Amino acid sequence: MVGYVNMGLAYAFKYNSYQDVKPIIDSCWSFLDKYPNSFAKPNVLSYLLEMTVLISKDLKVINPLIDSVLYYDSLPTTKQRIGALLIERNLDLKRGREFVLDALPNLSVKNQIFRSYMLLAKSDLTLGKFASAKINFEYALKTDSTRAESWYEYLSFLRIRELTQEANVVSSKIAELEKQSKIKFISQAGISPNINKVINNITLLDLDSN
């Protein structure tokens with residue numbers, strides 16, 4: 001069942017449509033009805049939440065799933081992921097922020113901390129809390145200053161807020177990051193025999209081995 005849902009989840013995220021997601025959700029519920037005490041139950045509930053938010057904005061359906069997931073797994077990373085779902089899907093910004101803020105002090109991996117601050121900044125923007133958004137953008141970039149896409153988001157924010165001087169500083173930072181990336185690519189291209197090579201005549205198999 002877990003293998004089936006793993007493949008179904010990947011397919012659902014790719015196509016993100018009701019007709020692709022609904023059959024997998026129905027299969028998950030059928031599995032839980034048949035095997036209510038299965039060791040896979042926490043995983044299946046988590047998958048159900050991930051897929052349900054793809055096709056529904058109904059919090060009367062989503063909130064019970066959140067509570068069920070947290071009943072089995074209340075780790076900070078799980079709370080952060082739930083917060084991300086609520087914020088990125090614009091389902092419940094207030095509750096999403098609560099999850100992220102609750103998880104943040106207990107996160108230790110740089111990428112997770114960075115992501116939390118970016119989620120808070122994005123929700124701040126939607127809520128019109130621009131001073132808070134600026135602070136969270138800066139915390140995120142202080143945590144990890146190597147991500148050009150995040151600097152671009154911050155630059156867009158500064159330009160919207162007409163903070164020209166700060167925007168110019170960020171533009172310079174982005175230019176430097178892009179220069180470093182170009183140098184890294186050129187350097188790597190000279191080391192790896194696989195970069196800039198023509199690839200053809202590849203045979204691939206589908207799930208039926210055809």
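Reader: How many Å should helix α8 span, and what distance separates its end C-alpha atoms?

Author: This is a predicted model, so the check is on predicted coordinates. Count 1.5 Å a residue. For the 14 residues of α8, residues 130-143, that gives 20 Å. The end C-alpha atoms are 20 Å apart, which agrees.

Reader: Which residues of α8 are buried?

Author: Start with the general idea. An α-helix has 3.6 residues a turn, so residues three or four places apart point the same way. Now the case here. The buried residues of α8 are A133, K134, N136, F137, A140 and L141.

Reader: K134 is a lysine on that list. Which salt bridges does K134 form?

Author: Side chains of opposite charge can pair when their charged atoms come close. K134 meets E138 in a salt bridge, 2.6 Å from N to O. Both residues lie in α8, four residues apart, about one turn of the helix. K134 also forms a salt bridge with E166, with the closest N and O atoms 2.8 Å apart. K134 lies in α8 and E166 in α10, so this pair ties together parts that are 32 residues apart in sequence. Salt bridges with shared partners join K134, E138 and E166 into one network.

Reader: Are the three residues buried or exposed?

Author: K134 is buried, because its relative accessible area is 19% and the cut-off is under 20%. E138 is partly exposed at 34%. E166 is partly exposed too, at 32%.

Reader: Where do K22 and D26 lie, and how do their side chains meet?

Author: Both lie in helix α2, residues 18-34, four residues apart. K22 is partly exposed at 27%. D26 is partly exposed at 35%. The count of salt bridges comes to 11.

Reader: What does Y154 touch?

Author: Leave aside neighbours within four places in sequence. Y154 is then in contact with K134, F137, E138, L141, E166 and V170.

Reader: Which residues does T52 touch, and is T52 buried or exposed?

Author: T52 is found in helix α3. T52 counts as buried, at 7% relative accessibility. Not counting residues up to four places away in sequence, T52 touches I25, V61, I62 and L65. L54 is also found in α3, residues 41-55. L54 is buried, at 10%. The C-alpha atoms of L54 and R89 are separated by 8.3 Å, though the two are 35 residues apart along the chain.

Reader: Which residues form a nonpolar patch on the surface?

Author: I199, I202 and L204. Together they have about 380 Å² of accessible area. I199 lies in the segment after α10. I199 is exposed, at 63%.

Reader: How many helices and strands are in the chain, and what share of residues is buried?

Author: There are 10 helices and zero strands. Of the 210 residues, 36% count as buried. The chain exposes about 13,100 Å², and carbon and sulfur atoms supply 54% of it.

How values were computed: Residues numbered from 1 in each chain as written. Predicted model: local features only at pLDDT ≥ 70, side-chain atom pairs only at ≥ 80, totals over all residues. Heavy atoms only, no water. Helix = DSSP H or I, 4+ residues; strand = E, 2+ residues; numbered from the N terminus. Buried < 20%, exposed > 50% of the residue type's maximum accessible area, 1.4 Å probe, protein only. Areas by Shrake-Rupley, 256 points an atom, 1.4 Å probe, with all protein chains shown as cover. Expected span 1.5 Å × (residues − 1). Patch = residues over 30% accessible without salt bridge, like charges linked within 9 Å, V, L, I, M, F, W, Y side chains within 5 Å. Salt bridge = Lys/Arg side-chain N within 4 Å of Asp/Glu carboxyl O. Contact = heavy atoms within 4.5 Å.
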